[in-house]
Structures are given as structure tokens and as C-alpha cells.
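Have a look at the structure first, then read on.

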Amino acid sequence: MKSRIYSVIPKIPDKLEELKKIAGNIWWSWNKNATGLFRSIDPDLWEKTHHNPTLLLGRISQARLKDLSEDPVFLSALDEVSNQMDEYLARSTWFMKHHSDAVGQEEVIACFSAEFGLHESLPIYSGGLGVLAGDTLKSTSDLGLPVVGISMLYRLGYFNQYLNSDGWQQESYSVNDYSNMPVERVRDSDGNPVTIMVPMGTEKVFTAIWQIKVGRVRLYLLDTNLPENTPESREITGQLYGGDKEMRIRQEILLGAGGIMALRAMGLTPVVRHINEGHSGFLIVEMLAHYIETGLSFAEAREMVTAGNVFTTHTPVPAGNEEFSHDLVLRYLRPYLDRVDLNNQTFLHFGSQPSSPDFSMTVFALNFSRKANGVSRLHGEVSRDIWKNVWPRLPETEIPIGHVTNGVHENTWVSGEIRRLLQRYVGSTSPKNPGDENFWKNIARIPDSELWRAHERLRARLVGYARKKWAGQLENMGIRGLPQQNMPVLNPEALTIGFARRFATYKRASLLLSDPDRLTKLLNNKDRPIQVIFAGKAHPHDNGGKDLIREVFHASLSRELYGKLVYLSDYNIDMARHMVHGVDIWLNTPRIPMEASGTSGMKAAMNGVPHCSVLDGWWAEGYRPDRGWAIGNGETYDDPAVQDRIEAKALYDLLENMIAPLFHDRGNGGIPTGWTAMMKQSMYMALSEFNTNRMVAEYTNNYYIPALNFSRSLGLNSMEGAKELANWKEAVRERWQGITINGVDSQKTGGTLTVGDTIEVTARLKAPGLSADDLSVETQYGEASGDDWLSGRTSTTLKFSHEENGVLFFTGSIPCTEAGRFGFTVRVLPSHPRYGRVVEPGLVHWWE
């Protein structure tokens with residue numbers, strides 16, 4: 001018997017038509033009234049559809065829709081949310097106020113990332129990088145930046161996690177049903193789907209473009225799951241971070257080069273390209289080819305491409321810094337290399353580093369980006385150390401990698417209870433000026449009793465959520481009949497510690513389990529009860545991380561800890577939201593300096609949850625004794641076992657002697673006023689300093705706009721500036737080795753130097769074929785250590801004085817501002833008369 005399958009969806013009544021408009025823009029996910037509106041349609045179905053309003057509207061009964069269309073209360077709420085959305089999309093923004101003329105009509109700042117975590121109902125993310133990218137897009141919408149996101153439409157996304165009966169992580173994959181998600185094909189002006197062809201080796205891969213509306217901005221997603229492609233090519237967008245190296249390089253060509261092609265196919269010009277990790281670095285080869293095809297030389301095209309690139313490294317962990325064999329790079333990039341007319345060795349040199357024979361995507365991106373940064377102050381320092389070989393002979397402090405400390409999107413992560421307190425006592429949760437610390441000062445006015453009662457409700461909600469998850473998890477694992485299963489699970493009044501993040505070995509999830517006897521004593525203290533909730537996934541190939549999960553899960557089943565320590569599987573944005581809202585302490589125990597930033601603790605802190613962590617990542621900036629606790633003082637150790645032993649003891653001491661007593665010290669009315677004071681300081685810190693609006697404004701002012709302005713200056717008059725700069729650099733490189741510093745003379749203004757004196761310096765050098773205008777001659781002075789190394793260096797530019805018999809004289813002075821033992825040296829860097837000082841590999845001369 002033959003049959004034909006068809007689908008029928010509910011007919012949305014005219015009075016409810018606005019529901020489709022709201023559901024079609026992810027803006028609803030950070031507007032509590034909008035999420036409340038969808039939940040009220042059918043609370044049970046809202047949970048079953050994983051908070052997906054598009055799917056909800058496709059499954060709701062026609063009878064329920066009819067009732068809602070006749071419900072004046074619901075219709076009023078719908079009008080309110082619709083009006084809020086319209087007002088949000090139409091209002092004046094920070095970017096319009098400060099940079100209204102910066103970008104043209106069809107010009108965009110393109111943010112490339114392999115993943116974007118916007119909401120749990122859009123599973124195209126794996127963890128921190130994706131959630132940060134999602135929060136960033138939301139803030140670019142809030143601030144009105146002309147930004148687009150570029151990523152891939154994964155058929156399977158990241159994996160769903162479950163545990164076998166022994167607690168070993170297993171992975172399963174669900175096919176994403178994009179017909180029931182707020183995703184739509186990009187079409188041209190005639191209504192035809194836009195498709196591009198992306199060369200990869202000998203193949204051209206047909207690629208569709210989809211879009212997601214994220215407030216004012218758009219996230220464009222590339223999709224190769226098309227019938228025109230081979231089965232292998234259809235799998236390029238099959239799975240996030242899946243497959244072997246060959247699949248990964250195909251994904252990265254699609255993301256980078258394909259992303260640029262997609263923007264052009266839509267009539268958009270990416271005047272600034274923000275490369276997040278090296279995954280999208282191959283956009284460089286497509287940009288080079290594009291400029292060369294307009295008539296530029298490779299050197300000239302390189303200047304144009306580099307000028308508009310911003311590169312952010314997000315991790316010091318080797319696995320996050322992708323490398324490919326030379327064979328793979330040359331095989332798959334051959335169509336692009338042929339277009340740029342570059343020989344193999346010259347191209348491969350741009351991705352080479354002494355420590356590896358492979359092609360480094362991070363080094364490649366650094367070599368073609370005018371601006372680069374890490375994601376916290378400490379990570380900036382670590383990155384300068386890791387990548388200093390890209391710029392040999394430069395002091396580490398001058399390696400051109402800065403930092404922009406990460407943040408989180410407050411309207412996404414602040415709970416409804418805390419939001420109502422902020423609206424009542426602060427007035428809003430969205431200051432007009434990002435980073436306005438003064439805006440949040442009235443957090444101190446929130447009454448302790450109101451803050452504490454709000455948090456108690458959130459903790460109780462988390463406990464209820466965790467109990468349900470835990471029970472279902474054990475049932476699915478086939479774990480039944482354990483004697484301890486009759487014991488209650490979690491106490492809604494106990495001090496609750498949260499540990500939720502990717503289970504990588506360097507994050508040391510089991511540090512809290514290091515001393516089972518002491519942990520048992522802490523968690524079973526009847527006067528000061530403590531409990532712990534763990535969550536997080538390990539990478540499918542990380543058996544070390546999976547071992548940690550099994551260790552934590554086994555501990556959770558032990559008689560001594562059952563009900564006081566739980567591990568919840570299949571961590572996602574929804575679970576993260578419950579945890580950062582409801583725990584009392586957010587615990588983080590990475591091995592310094594492996595945590596680039598970490599943002600989960602920021603989310604918790606915004607909700608009044610103090611942080612307890614080693615001084616790594618963002619906490620090295622955020623820590624103060626009135627905001628949370630530091631495990632150690634930022635020390636690093638040669639022996640990891642010694643480090644674990646020392647820091648585990650420090651953690652137990654903090655919990656036993658400081659954290660638990662403060663939490664359980666209840667004054668009048670049962671309010672722990674010492675604790676609520678710390679909650680307020682945590683909120684103030686996170687909301688004023690560690691939010692993505694501040695972060696995006698910082699990127700805009702210090703990275704995007706300077707990159708845009710410099711790119712524009714090079715592109716004027718048929719890219720005359722790029723041609724001039726490239727030709728000048730070529731001439732400088734040809735003559736650079738001919739520079740000699742003949743001597744340096746110094747005279748002090750008096751006999752013995754005292755604070756306030758100056759040292760007059762004259763440098764004499766020869767630079768055949770170069771003029772004084774081509775050079776920046778500088779003194780570097782600082783404190784002299786035992787080996788005559790100068791630390792804490794300060795640079796001062798010497799001024800050109802005169803030329804005498806082919807010798808150039810440069811003079812200046814060094815101030816004596818404090819007592820001590822100091823020294824100075826002299827160096828020479830290139831300096832273009834129009835574009836200023838140039839910092840490039842190999843172009844520096846020191847006085848020797």
C-alpha cells in the first residue's frame with residue numbers, strides 16, 4: 001500500500017499574527033516579557049519544545065489559539081511585547097551617536113566564528129566560544145553596530161551527552177529541524193535562493209546561505225547539505241568540530257573564504273573582518289585574491305587585507321590553535337593560491353613557526369591582521385609570550401597583541417528576580433553609555449532582605465530543576481534500587497556550589513574531590529550544610545575529560561555524598577541559566593594560565609553569586625576580597641601534583657573557615673548581611689565591568705574604527721595608499737640590513753644623578769638609501785637587573801637633528817623620575833611619513 005506524508009500546521013488567527021514576527025527574531029530570547037508571553041501559551045509545551053517559539057506555534061492546538069485570540073489579557077500582553085520590539089528596533093543607538101558616519105550603506109563589520117550560542121533552541125554551539133559569540137551579537141544589536149555574524153548551519157550541531165551505567169560519557173546526535181527554528185534562506189531581489197560555489201581543491205562546493213535575525217543584526221549561516229554536492233561535501237556542515245583534519249580544513253575554508261563570498265553575493269562589503277580563533281583565517285586568501293584581481297600586486301593586496309583584519313585568540317590551549325599539514329593546505333587551497341600567483345613556500349611561510357612543522361592558523365592570522373588581542377589582561381600577557389617568535393627581537397611587552405576582556409550579555413543572563421530589583425532600585429539594566437560604572441552604584445540601595453529572598457527563590461528553583469534532572473538521568477542510566485536513593489537529593493537551604501564548564505583536564509573538575517574525608521566532613525556538616533552541583537561535557541575525543549566526569553559521577557553515588565553532590569548530564573544554555581541564577585558560589589579551578597578568560601563566573605556574579613577561583617582569566621582582574629575568594633595568589637608550579645595538593649587544601653580551608661561561616665551567619669530576620677554585601681559587590685563588578693556592551697564598545701573604539709579608518713586611508717584614489725605603503729616597505733626591507741648604529745653618546749645634566757635630572761642622548765647611525773623620515777629612532781629605558789636586562793621599559797622617540805657625512809644624528813632626553821639602578825638602549829624601527837611607525841617581523845635594529 002502506498003501512502004503520502006504531509007504536514008499540517010495551525011492557522012494563526014489574525015489577532016495573533018504578531019506572534020510570528022516576534023518568534024522570527026531572537027530578540028525575544030533576551031526580553032523577559034517576550035519569553036513570558038510564549039510560556040503563557042502552553043507552559044508544558046513550552047518545556048517540551050525546549051523554549052522554541054517557532055516550534056511551539058507549529059504544535060499548539062487550534063483550539064488554544066482560538067482561546068488566546070479572544071483573551072483580552074493575552075492580547076494586551078502581545079501588544080506590549082510587539083511594541084517593545086518595534087521600539088527596540090527603531091530607537092537611536094550608541095553607535096549612531098558616536099560613529100554615525102563610519103560605515104556606508106552596504107558596508108559591514110563581519111564577525112566570523114565557528115559557533116554562535118544564541119539560545120538552547122538553536123543548537124549550533126558547543127560551549128564558551130559560541131556563547132560568547134552569541135552574547136557579542138546581541139550587544140552589537142543593542143549598541144547598533146553594522147555587524148553581521150558568519151558561521152555554519154550544522155545539520156547535527158554539537159553532541160547530546162548521556163552517561164552509561166558506569167558514568168562514562170556517551171554522545172548522540174540529533175538532526176536539527178530548521179523548518180521549526182527561526183532560520184530562513186537568504187533570497188535575492190527576485191526571490192531566488194542565494195547560492196555560492198566555494199572552491200576546495202579540485203571541487204567546487206555549492207553552498208546555501210541562511211539567516212537568523214538577532215535584534216537589529218543578522219547571523220548568516222553557510223550550508224553545504226545540498227543535492228548538487230557529493231556526499232562528502234554535504235557533510236562539511238554536518239557536525240560542529242567533527243571529523244578528521246581533512247574535514248576540518250574543508251570547514252575552515254568554507255567558513256573563511258566562503259563567508260567572504262557569501263557576503264559579496266548578498267551585496268555586502270566586509271570593511272572590517274573580525275577573525276575569532278584561526279578557524280576562519282582562510283578568509284585572508286579570498287580577500288587577497290579579490291584585491292589582486294582588481295590589479296594590485298600581492299604586497300599591495302596584503303596591505304589592504306591586513307588593514308581591515310582584527311584577530312582575537314581565545315585560548316592558550318594547543319587544541320584551540322588549529323594546525324594543518326602543508327600537504328593539506330596546498331591541496332585544498334590550490335585554487336586560491338593560483339589566483340594570488342604565490343609560490344608554495346612563500347605562502348606556507350606566513351603560517352610557519354619554529355615549534356611545529358605544520359601550518360598554524362593562528363600565526364597566519366597574526367601575520368595578516370593589523371589588530372590582535374587576547375580576551376583578558378592576563379591572557380594578553382600569555383599570548384604575547386606564546387606568539388613572540390612571530391616578531392623576533394621585540395621585547396615581549398611590545399608584541400602587538402593587546403587584550404579586550406570578555407563580558408556577558410546582561411539582559412540574557414540576569415534572572416527575572418534580580419532584574420526586578422535592579423529596575424526598582426537602579427532604574428534599568430541597560431545604561432546608555434557602555435561601561436558606565438556610575439550607573440550601577442545604586443545596587444548598594446537594594447535592601448538585604450529583598451535581595452536574599454529573591455536569591456532563595458532562585459536557589460529553590462534550581463534545586464527543583466536539579467532533582468528532576470537527576471532522577472531522570474538515573475532512570476535513563478538504569479540505576480535503581482541503591483539504598484541511598486531513598487535519601488533526599490539537595491537541600492534548598494544549603495550553601496550550594498556550582499561547577500559547570502567543559503570537562504577538560506586543565507580545568508581540574510576533581511580538585512574538590514582530592515581529599516574525600518575532608519569533603520565528606522564539609523558536605524555533611526549539619527550546622528553549616530554545603531552541597532555541590534557539577535555539569536559539563538568533555539570533547540568526544542578527550543578521554544581524560546571523560547575520566548573526570550566518571551570520577552565526579554561515582555562520587556555522587558557514594559553513600560557519604562549522595563544527595564549532597566550531583567552531576568547533571570547534557571549541559572546546555574538552559575541548564576547554565578538555572579545554575580548561574582541559583583547557586584551561591586561559582587567555583588573555577590583551572591591550572592594557571594590555561595583559562596583565557598572564562599565567562600560563566602561573570603554570568604553568576606551578575607546574579608549576585610560570588611566567585612571562588614584561582615587567579616586566572618578574568619578573575620585576575622575582577623578579584624577583590626569583598627567580591628569573592630581567591631584560591632592562592634596566582635602562583636604557577638613546575639609540579640602539577642604539588643600544585644593540586646596545595647590548591648585543594650587552600651580551597652577546603654576557604655570553604656570551611658571563610659565561605660561557610662559567612663553564608664550561615666544569620667542576623668536579625670535570618671539574613672546573612674555579610675553575604676548579601678558580597679552579593680551586591682559581585683553584581684556591581686560584573687554589571688559595570690564584565691558585560692558585552694562594554695566589551696563591544698571597546699572593540700569598536702580601539703579595534704574596529706581604527707582598522708576601518710586605516711583601511712579607508714589606504715583605499716583612497718584607487719588604493720593609492722596601499723600601493724605607496726607596499727612599495728615603501730619593499731624599499732625599506734631591501735635596505736634594512738645596511739643600517740648601523742655607529743654610536744650612542746649620553747650626557748647627564750649634573751654630577752650625580754638625582755630624581756628630576758635628565759640624561760641627554762645622541763644616537764649616530766647610517767642608513768644607506770633611507771632618509772631620517774623613514775626611521776623611528778627610540779631610546780628604551782628601564783630598571784636594570786643583575787644581567788643588565790631592562791625591565792619595565794619606557795620608550796622615547798629621538799628627534800632627527802642633522803646629517804653629517806652620511807651619518808644621521810638623533811637626539812633626545814631621558815627623565816630621572818625615581819631612585820634606583822637603571823639603564824637605557826637605542827633601537828631603530830621603520831616609520832612611514834604618512835602612516836607612522838611600522839612593527840613587522842624582522843624590521844628592528846638594536847644598539848649592539
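## Ground rules

This is a predicted model, so local features need pLDDT of at least 70 and side-chain atom pairs count only at pLDDT 80 or more, while totals for chains, interfaces and linings use all residues. Residues are numbered from 1 along each chain as its sequence is written, and side-chain values use heavy atoms, with hydrogens and water left out.

Helices (H or I, at least four residues) and strands (E, at least two) are DSSP runs, numbered from the N terminus. Two strands count as paired if DSSP finds at least two bridges between them.

## The open sheet

Six strands make an open sheet with parallel pairing, in the order β17-β16-β15-β18-β19-β20. At the edges stand β17 (565-568) and β20 (628-630), each with a single partner strand, so one side of each has no neighbour in the sheet. From one strand to the next, the twist averages 20°; axes here are lines fitted to C-alpha atoms, for helices over the stretch in contact, with angles from 0 to 180 degrees between N-to-C directions.

Within this sheet, β18 (residues 585-588) and β19 (residues 611-613) pair in parallel over 3 bridges, and Trp-586 has His-611 in β19 as its bridge partner. Helix α19 (residues 448-477) packs on the sheet, touching β15 (495-500), β16 (530-535) and β17, where contact means heavy atoms within 4.5 Å. The direction of α19 makes about 70° with that of β17.

## A hairpin

Strands β6 (residues 195-200) and β7 (residues 203-214) run antiparallel, joined by 6 bridges. They form a hairpin with 2 residues between them, and Gly-201 in the turn has a positive phi of about 65°. Met-200 stands opposite Glu-203 in β7.

## A covered helix

How many residues of α12 are buried? In this helix (residues 298-307), 9 of 10 are, with buried meaning under 20% relative accessible area, exposed over 50% and partly exposed in between (1.4 Å probe, protein chains only). Those buried residues pack against β9 (269-276), α11 (283-292), β10 (309-312), α15 (361-367) and α27 (692-736).

## Rings and a charge

The structure holds 32 aromatic pairs: rings of Phe, Tyr and Trp (its six-membered ring) with centres within 6.5 Å, called stacked under 30 degrees between planes, edge-to-face over 60 and tilted for the rest. Phe-499 and Phe-534 form a tilted pair, 5.5 Å centre to centre with 50° between the planes. Phe-499 lies in β15 and Phe-534 in β16, so the pair ties together parts 35 residues apart in sequence. Both are buried.

Arg-501 lies over the face of Phe-499, 4.7 Å from the ring centre; that takes NZ of Lys or CZ of Arg within 6 Å of the ring centre and within 35 degrees of the ring normal.
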